Amino acid sequence: MEDTIAAIATPPGVGGIGIIRVSGPKSRDLLRLLFKSAKGIGDLRSHHLYHGDIISPETGAVIDEVLVCLMKKPHSYTGEDVLEINCHGGPVILQTVLTEIVKAGARLAEPGEFTRRAFLNNRIDLSQAEAVLDIITARSDRGLELAVSHLKGTLAKKIETLRSTIIDVLALLEASIDFSDEDIEVCKPLEIADTLKATLDELQHLLSTYREGKILREGISAVITGKPNVGKSSLLNRLLGEKRAIVTPIPGTTRDFIEETVTIRGVPVKLTDTAGIREPENLIEREGIDFVREKLSGADIMLIVLDGSEKLSGEDHDILNRAGTKRCLIIINKTDLPHRLNETRLQTLLGKTAPQPLWISAKYGDGIDNLKDAIYSLAMDTPEHHHSEHIISNIRHKTALEKTSVLLSRARESILNGVSPEFASFDIREALDSLGEITGKTINEEVLDRIFSTFCIGK
Ligand SMILES: Nc1nc2c(ncn2[C@@H]2O[C@H](COP(=O)(O)OP(=O)(O)OP(=O)(O)O)[C@@H](O)[C@H]2O)c(=O)[nH]1
Ligand SMILES: [Mg+2]
């Protein structure tokens, strides 16, 4: 039998309320031992809130005035008896109550252990358990929408449909192996190959959404670069909608880098404003510029800022040349001032295939909407949106889908080439296992440990 686990479920620190969560067979006894209510709790109804005190069973002293709720199995998050105690939200209170619970026979929960139990008791599948974590850590509206749709089981349903098709194929193949001596044609190779092709196409489609899903879930990093005084810090402030970085007419204002995250068209973007790149005049500048190069090499995209009110300089050339193959946008700032930058020269320098530079005024906000669209498209690689329910965002799912795809292709090849069906059947079985890893139908303990260890305690 499972033991009973307990943890503080709310974040550390002070708050209006703090919740302690308990799950396991002892939940009910713990409540009867530690909780006293003036009205009594009678036969303790499930999913009802009771008001009263948590007391120390040894001294009878009141520890806190609380609301408690028992959710009897199987209708609870974990599928076991779950007890939630709403205490006042102070760290000492919560710790004291938790200590009493542990003294009374519960054990402190590991990170993610409640959700792990929910999975083991078939309340949710593995893709839904992972979605719980994604909901907690969502960094944008669309990231949250995606996680919620996964929690609702949309991905799991899709995977189950694919599995069921593959199982049908396997059944046909197996029949043809069993009846191979007899003269009945049970397996039509071309039909099977077609079904597999359709499944492979669906797998490919799911895989093609990974980039979008990953970006919605994790966001991207963008570094703003350019020579001094072109308006990098002004651009950061404009995109953030607040004055975060110091802006002055003195070239070399920004020395350190400044990092802030904004949501652009639903994507969390970590923006880094950096020191202007030029031949360093002193040690501080040299350090600053070295930092920029480091930041640039790690960034997903680069926003290269030029000053439209000045001619292109050698420094601009250097920066553009160094951009290399990195995804970047060329931004010409200060469009509110008379134009002095020679666009034809810039275009020649960039080459014909380069994207059109974007004109903006960081100071007055012109062109910023266009710039946001361009950042979004560049990040996604495509302006096309997928529906949340058909997007994958987890590398574990991607790897499993890829493996499934390889195995099914191999099975299809051998069927088309008239190879004995045993081979295809073997590959298809493996493909089923690999697909089942996504929902947790086939999974080992080690993988479970890895997944749930990334959760917070109390979830
Ligand atoms: N007219 C006009 N001035 C701008 C614009 N953007 C920035 N500036 C001015 O240009 C000067 C430099 O702006 P910053 O944002 O500090 O430039 P920076 O690229 O961060 O400069 P460093 O940190 O020194 O590398 C300031 O005086 C800004 O007010 C713009 O769109 N139009
Ligand atoms: Mg600056």
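Thr-261 sits across from Lys-270 of strand E10. Strands here are DSSP E runs of at least two residues, helices are H or I runs of at least four, and both are numbered from the N terminus. This is a predicted model, so local features need pLDDT of at least 70 and side-chain atom pairs count only at pLDDT 80 or more, while totals for chains, interfaces and linings use all residues. Residues are numbered from 1 along each chain as its sequence is written, with chains lettered from A and ligands numbered from 1 in the order in which they are written.

E9 and E10 pair in the antiparallel sense over 7 bridges (pairing takes at least two DSSP bridges). They make a hairpin with 2 residues between them, and Arg-265 in the turn has a positive phi of about 50°.

| Element | Residues |
|---|---|
| Strand E9 | residues 258-264 |
| Strand E10 | residues 267-273 |

On to the helices. The axes of H3 (residues 113-120) and H4 (residues 126-137) come within 9 Å and cross at roughly 160°; axes are lines fitted to C-alpha atoms over the stretch in contact, with angles from 0 to 180 degrees between N-to-C directions. That makes H3 roughly antiparallel to H4 (angles over 145 degrees). Thr-115, Ala-118 and Phe-119 of H3 meet Leu-126, Ala-129 and Val-132 of H4, where contact puts backbone-placed C-beta atoms within 7 Å.

As for ligand 1, 24 residues surround it, the closest being Gly-231, Ser-233, Thr-254, Gly-276 and Lys-363 (backbone-placed C-beta within 6 Å). Helix H9 (residues 232-240) gives the largest share of that shell, 3 residues.

How values were computed: Angles under 35 degrees count as roughly parallel, over 145 as roughly antiparallel, 65 to 115 as roughly perpendicular and the rest as oblique. Two residues are in contact if their C-beta atoms, placed from the backbone, lie within 7 Å.
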